[in-house]
Every structure is written in structure tokens, then in C-alpha cells.
Amino acid sequence: MYGFAQMEHKLEKANELFENYSFEKALEKYDELKIKTIEVYRKMALCHLKLNDIENAENYFAKIVLDSTLKVEDIYHYAFVLLENKKYDEAQKWMLKFNQLAPNDSRGIEFNEKIDLLSELQNNKHEVKISNLLFNDENEDFCPVFYDSNKVIFVSSRESHLTVKRNWNWNGLPFLDLYVATINNLNEFINITPFSDELNGKYHDGPVSFNSDQNLMVFTRNNYFDKSEDGVHKLKLYYKTKSNEIWSNEQEFLFDDNEYSVGHSSISADGNLIYFASDMPGGFGGVDLYVIEKINDSIWSKPKNLGDVINTEGNEMFPYIHASGRFFFSSDGHFGLGGLDIFEISFKNNPKLRNLGFPINSSRDDFGISLSEPLSKGYISSNRSGGKGDDDIYFIQNLNKLFNESVESIPIAKDTTDKTKSDTLTTIISIDTISKHIIPMDAVQLSGYTKDENNNVIAYAKIEIQPSNDSSSIHIVTSDKDGYYEDYLAKETEYSIKVFDENNQLKNLSYIVTSQDSLLKANLTINELKLTGNIMVEPIYFDLNKDEIRKDAALTLDKIVKIMNQNPNMVIELGSHTDCRASKSYNLNLSNKRAISSAKYIKSAISNPLRISGKGYGESNLINECECEGSFKIPCTEDQHQENRRTEFKIIQY
């Protein structure tokens with residue numbers, strides 16, 4: 001009787017944590033249950049999904065869909081995670097079943113109608129180039145917006161400047177704040193500082209948006225003072241106006257509410273329209289996109305839903321209206337490569353929706369797009385594999401071919417109850433006249449091919465271009481499928497060029513170019529570089545359930561500091577591993593915290609802290625057969641378990 005009551009208490013506690021968005025802690029409690037119902041498996045699957053642990057989410061949903069008590073939405077979730085794990089054939093099978101059981105749901109209808117377009121979306125036919133920015137780290141960085149002439153404001157969970165540190169229940173990371181950075185001539189973010197002590201508060205702050213004159217600011221923030229009936233601080237939209245270089249006090253929009261969230265704003269260039277995302281009642285399902293129109297300086301229209309061409313039963317978020325009038329947003333309800341994909345919609349007589357395809361979109365979440373004027377380059381946010389943290393910001397370029405169509409207008413969503421406003425929100429000028437690539441007057445074109453020593457083409461090689469007078473600035477371009485690359489360099493400047501193959505292994509030490517001519521040709525030969533691989537060190541020990549660096553661990557980390565200071569161009573990823581004991585989610589979380597803590601220690605002692613990042617792998621990379629999950633329980637000695645509790649330092653650039 002006591003054992004049953006104890007299990008009931010654990011289940012109640014796990015459910016309470018789940019309802020409070022403490023997904024990591026909820027998983028730990030669910031793992032402790034000896035008997036797991038299908039509802040427990042469902043919540044464990046959703047926890048993994050919320051924590052972006054897609055592999056484990058798939059495993060749990062695979063169990064659920066074979067149970068007789070499954071729900072229709074379980075089938076959709078299973079198809080969704082299969083899609084994120086690039087198992088497209090299996091995803092189609094389950095999405096077809098979902099469509100049969102929910103024939104009116106647009107997600108299943110569209111998926112099965114457009115599955116044949118998958119190969120087209122996976123093909124980079126416009127030769128768009130994308131690269132991860134150097135400033136990204138193990139934290140969340142996303143939703144950049146252009147600010148002033150050469151700055152950007154973005155959202156990040158990097159270490160808070162506040163005296164009192166607060167972490168979010170959801171993933172254990174700090175609450176989100178707004179940061180401002182300068183964009184250097186290589187499109188990297190430098191001089192990163194908190195954007196505003198007034199705007200950055202104790203909970204989530206951001207994203208933010210501006211009109212073209214930058215005298216209207218709209219930003220997202222947690223409702224600090226009131227909770228919803230279920231005890232959640234929902235998101236609200238606030239705005240400020242600027243007059244005589246002084247920002248007004250923040251004001252809340254009248255449609256904000258304690259019971260639903262409103263956020264992710266984007267303002268039209270003239271400041272008359274604000275697009276945003278909300279799960280307010282009356283939508284199509286999940287999160288929908290809305291627009292409000294300015295009536296006068298202090299009054300805005302009621303929100304209008306953008307309609308079923310854009311909104312689905314899934315989630316449509318992160319709207320972005322470009323100065324040209326093109327409208328972008330992210331969706332997990334429309335057919336795509338997986339997770340959130342970025343879409344563009346342009347209207348003539350009939351609305352036409354376009355998935356921007358690979359490499360802008362991936363099988364994971366892609367969102368928060370911000371583009372230059374003209375439409376040749378910009379930034380996106382993504383948690384795709386190969387990144388440095390949860391969400392990273394990527395630089396995208398060579399967009400001319402992608403945006404070479406002319407567009408006429410984007411009409412407002414039709415609303416049968418309000419005909420006082422015109423159906424046309426904004427008129428879009430022809431993109432053809434501004435999308436031609438013009439070489440800047442103060443730059444020189446550098447182009448060539450990436451090949452191996454036998455003159456064979458190396459496709460998709462990564463090329464790092466660094467001016468010798470600025471060691472903190474590195475510009476990254478990628479060669480295309482034919483090995484061709486091009487970039488533009490400032491005149492009279494010396495550059496060092498390094499080349500990587502598609503597996504991110506450094507192959508070429510340097511190639512020096514002095515840009516004195518109007519055109520430079522440089523074919524880059526990729527030679528094998530011997531100094532790659534892992535630096536193995538003795539294990540770093542931590543106190544139980546702690547991630548603070550002990551004195552004995554510091555001695556080991558000091559050795560890495562010495563190596564990195566002796567090799568100022570070395571870039572390292574620190575990987576922390578555990579043995580198999582305790583749950584997978586617990587081990588992954590703990591190893592990640594320890595890796596981040598160890599990397600932070602090294603960052604404080606080396607030049608250019610961007611040269612090291614930390615990542616936890618939990619028990620996913622055991623080096624022996626000591627498994628103890630599920631039916632795979634192999635008895636091992638303490639010494640054998642010790643082999644798996646290790647820290648590795650992988651050289652990813654030299």
C-alpha cells in the first residue's frame with residue numbers, strides 16, 4: 001500500500017512539473033515510475049519534443065501510436081518528429097493515416113498533396129549560401145533585426161547582466177534578454193552588449209521590431225505582474241515611440257490578455273501596420289498570425305487574422321515584413337522539411353505561398369529571418385544540427401536568384417465584419433529593379449574554385465576569409481556544387497584564407513591575397529592537414545549533481561588553456577560524457593551544464609573566447625559496452641564505467 005501511494009505521489013509531482021513547463025525535471029520524475037501508463041509515455045514524449053530531443057521523442061511516440069488508446073494528435077506528432085529526423089517515407093505513412101482520421105485538418109491534406117515536392121525543397125537550386133556566425137555559443141541566440149546603420153539587435157539566453165540570476169523552468173537556461181551588436185565588414189556580430197537595462201527585466205524580453213525611421217519600437221515581454229488562470233506568465237506586446245531622441249514610456253496594446261500570449265512583432269516600413277503571432281481564441285489552431293493597422297498616434301485597429309492561406313491548425317510564428325513588401329513567416333503546419341520552416345507569401349490576384357527550401361530551411365526549426373535592402377543577404381535563426389547551441393544565428397547570402405520575381409501587393413485578410421479599410425495593406429514595388437548584384441565601389445571581387453591536389457572539384461567547401469589587421473573578424477563563404485565561390489574584399493587589405501571540406505575538417509593553413517586589383521582569381525587547393533582529432537585529458541570530476549569547477553578540475557583545464565594560448569588559431573569543442581547510470585535526459589542535461597561550465601572557465605583565460613565551446617553528450621557516446629538502459633543492462637565494474645566518464649577536446653580548426 002505504501003509503495004502504491006509513493007508512486008502516486010511521484011506521478012502527481014511529475015504532472016505538476018509538466019504543467020509548470022519544467023520539462024527536464026518532469027522527465028526525471030517520470031523516469032522514476034516503475035509502471036508507466038500510455039499517458040505517462042505521452043507526456044515523456046512531449047517533454048522530449050519541447051526540449052528539442054527529437055530522437056527520444058520519436059522513440060516514445062513510436063510506442064504510443066501502437067497502443068489502442070492513442071489519440072489522433074499522437075499520430076500527427078509521430079509523423080512530425082519522423083519528419084524532423086529526416087525519415088520522410090515513414091513520416092508520409094503516418095501523415096496519411098492522420099489525414100484519414102482527421103480528413104478536414106489542412107496539415108494532413110497539404111502534406112499528402114505536396115510530398116512529391118520534397119526533393120525540390122531539398123535542392124539548393126538558387127545556390128544560396130549560409131554560414132554559422134562566430135559569436136554563437138552554447139546558449140540560445142535568435143531573431144536578429146537591423147538597427148541604426150551597422151547594428152543588429154537580437155534575443156539571447158547568454159549570461160545575464162542582472163545581479164540576481166534566474167533560469168527558465170523549460171530548459172534550465174537563463175531567461176531571454178535583448179542584446180545589441182555591431183555588424184563588421186565580414187557580416188559578423190562584434191561588441192555585444194545588453195541593449196537596454198530598462199527593457200531587459202527578470203523574465204523573457206524580446207524579440208523587438210522597428211519601423212524604418214526607428215521612432216516606433218514594439219517588443220515582446222512576459223506579463224510580469226499577472227498570471228493566467230493556469231498560473232502562467234503569458235507573453236504581451238508593448239510599444240514605445242521616440243520624439244526628439246527620447247523614447248516614451250512603454251505602453252501595452254489593448255488586445256493583450258492574461259489568458260493568451262501575443263508576441264513576435266514585425267512593423268511595416270511606414271509604421272502603419274504591425275504583424276504579430278498569438279494563440280488568442282478564434283484562430284485556426286495553435287498560434288496564428290494577425291495584423292493591426294494604425295488609426296492615429298495612440299489608437300490601433302482590432303487584430304485581424306491573416307486567414308487560412310497563411311494560418312493552419314499548427315503554429316505560424318515570427319512574421320517579418322520586408323521594406324520591399326515581401327512577407328515572411330515560420331510554420332510547422334504547412335508542408336516543409338521538418339520543424340518550423342520559413343515561408344514567403346506574395347499576392348497578385350491570388351495568394352501564393354512559397355517554402356524557401358534548403359539551405360534556408362532544414363529538418364529542424366528555422367525562423368527569425370531578417371534581410372538586407374536590396375534582397376541579397378541577411379540572417380536567420382535555426383536549431384539545426386551542427387550548430388553551436390540551442391538556437392544559432394546564421395548569415396545567408398547570394399539571395400539574388402531566390403528573390404528575382406516581381407511582386408505586386410499583399411492584401412489584408414478578408415473580414416466580413418469590417419469593411420472600413422482597404423483590402424490592400426501595402427503596395428510592393430518590382431524587385432527586379434533592385435535585385436541586381438552591384439559590386440561596391442570600395443571592394444574587389446575574389447572568385448575561384450576549391451579543388452584537391454589532383455585538381456578534382458571539392459563541392460561545398462567552407463572558406464574563411466580574415467583580414468590580417470583584424471583577428472576578430474572572419475568572413476565565411478561556401479563554394480557551390482561545382483566548387484565555385486566568390487566574395488568581395490576591401491581594397492588595399494591583406495587577407496588570410498583558410499579552407500575546410502564539407503565535414504568541417506581544416507585542410508589548408510593559409511592563402512594570402514592582397515586586394516589591389518579590380519578582380520582577383522584564386523583557385524584554392526585543399527591539402528590534408530595532419531593536426532586534427534581529439535585531445536584526451538584525464539577525467540574532470542564534479543561534486544554530486546553540481547557543475548562548479550573544483551580545484552582538481554581546474555588543473556586539467558589549465559593545461560588546455562596553455563595549449564590554446566600557445567596556438568592562438570586553434571578552435572576547440574569541449575565535449576563532456578557520462579556513464580549510462582541515471583536516465584538519459586538527466587545525464588544529457590548534467591553533462592551539458594558541466595561542458596558549458598568547463599568551457600566558460602577556459603574562455604576567461606584565453607584570447608578570443610569564441611575559440612572554445614562546450615557541449616554535453618550524456619551517455620550517447622559510450623566507448624565500451626557498459627549500457628544500462630531498458631533491456632540493455634550489461635554488468636560493468638566501476639573502472640569500466642569510469643572509462644565513459646570523460647572529457648574530450650576536439651580540434652575543429654587550427
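In which loop is the place of serine 376? Start with that residue, then take me through the rest.

Reply: Bear in mind that this is a predicted model. Serine 376 sits in the loop between strand E20 (366-371) and E21. With a relative accessibility of 17%, serine 376 counts as buried, because the cut-off for buried is under 20%. Leaving out residues up to four places away in sequence, serine 376 touches Gln397, Asn398, Leu399 and Asn400.

Follow the chain on and you reach aspartate 391, in the loop between strand E21 (377-382) and strand E22 (392-397). Aspartate 391 is buried too, with a relative accessible area of 9%. Not counting residues up to four places away in sequence, aspartate 391 touches Asn139, Glu140, Asp141, Phe142, Phe367, Ser382 and Asn383.

Aspartate 141 belongs to strand E2 (residues 141-147), and its relative accessible area is 0%, which makes it buried. What does its side chain make polar contacts with? One partner is the side chain of serine 156, at 2.7 Å, and another is the side chain of arginine 158, at 2.9 Å. Setting aside neighbours within four places in sequence, the contacts of aspartate 141 include Phe135, Asn136, Phe154 and Val155, and also Asp391, Asp392 and Ile393.

Now for the helices. Helix H3 covers residues 38-50, and at 1.5 Å a residue its 13 residues should span 18 Å; the end C-alpha atoms are 18 Å apart, so the two agree. Ten of the 13 residues of H3 are buried, so this helix is largely enclosed by the rest of the structure. Just after H3, asparagine 52 takes a positive phi of about 65 degrees.

Then comes helix H4 (residues 54-64), where Ile54, Asn56, Ala57, Glu58, Tyr60, Phe61 and Ile64 are buried. Their cover includes helix H2 (23-32), H3, helix H5 (72-84) and H10.

H10 leads us to another part of the chain. Helix H10 (residues 584-603) makes a right-handed β-α-β unit together with E35 and E36. Strand E35 (residues 571-577) pairs with E36 in the parallel sense, over six bridges, and glutamate 573 stands opposite serine 613 in E36. Strand E36 (residues 612-618) has five of its seven residues buried, so it is largely enclosed by the rest of the structure.

Finally, the whole chain. The protein chain has eleven helices and 39 strands, and 53% of its 654 residues count as buried. Among contacts with a separation of 6 or more, 56% are between residues 24 or more positions apart. The accessible surface comes to about 30900 Å², and carbon and sulfur atoms account for 50% of it.

Terms used:
Residues are numbered from 1 along each chain as its sequence is written. This is a predicted model: local features need pLDDT of at least 70, side-chain atom pairs count only at pLDDT 80 or more; totals for chains, interfaces and linings use all residues. Side-chain values use heavy atoms; hydrogens and water are left out. Helices (H or I, at least four residues) and strands (E, at least two) are DSSP runs, numbered from the N terminus. The expected span of a helix is 1.5 Å times one less than its number of residues. Buried means under 20% relative accessible area, exposed over 50%, partly exposed in between (1.4 Å probe, protein chains only). Contact means heavy atoms within 4.5 Å. Accessible areas come from the Shrake-Rupley method with a 1.4 Å probe; for residues, only the protein chains shown count as cover. Two strands pair if DSSP finds at least two bridges between them. A crossover is right-handed if, with the strands pointing away from the viewer, the path from the first strand over the helix to the second runs clockwise. A polar contact is a pair of N or O atoms within 3.5 Å; within protein, one must be able to donate a hydrogen and the other to accept it, and residues adjacent in sequence count only if both atoms are side-chain atoms.
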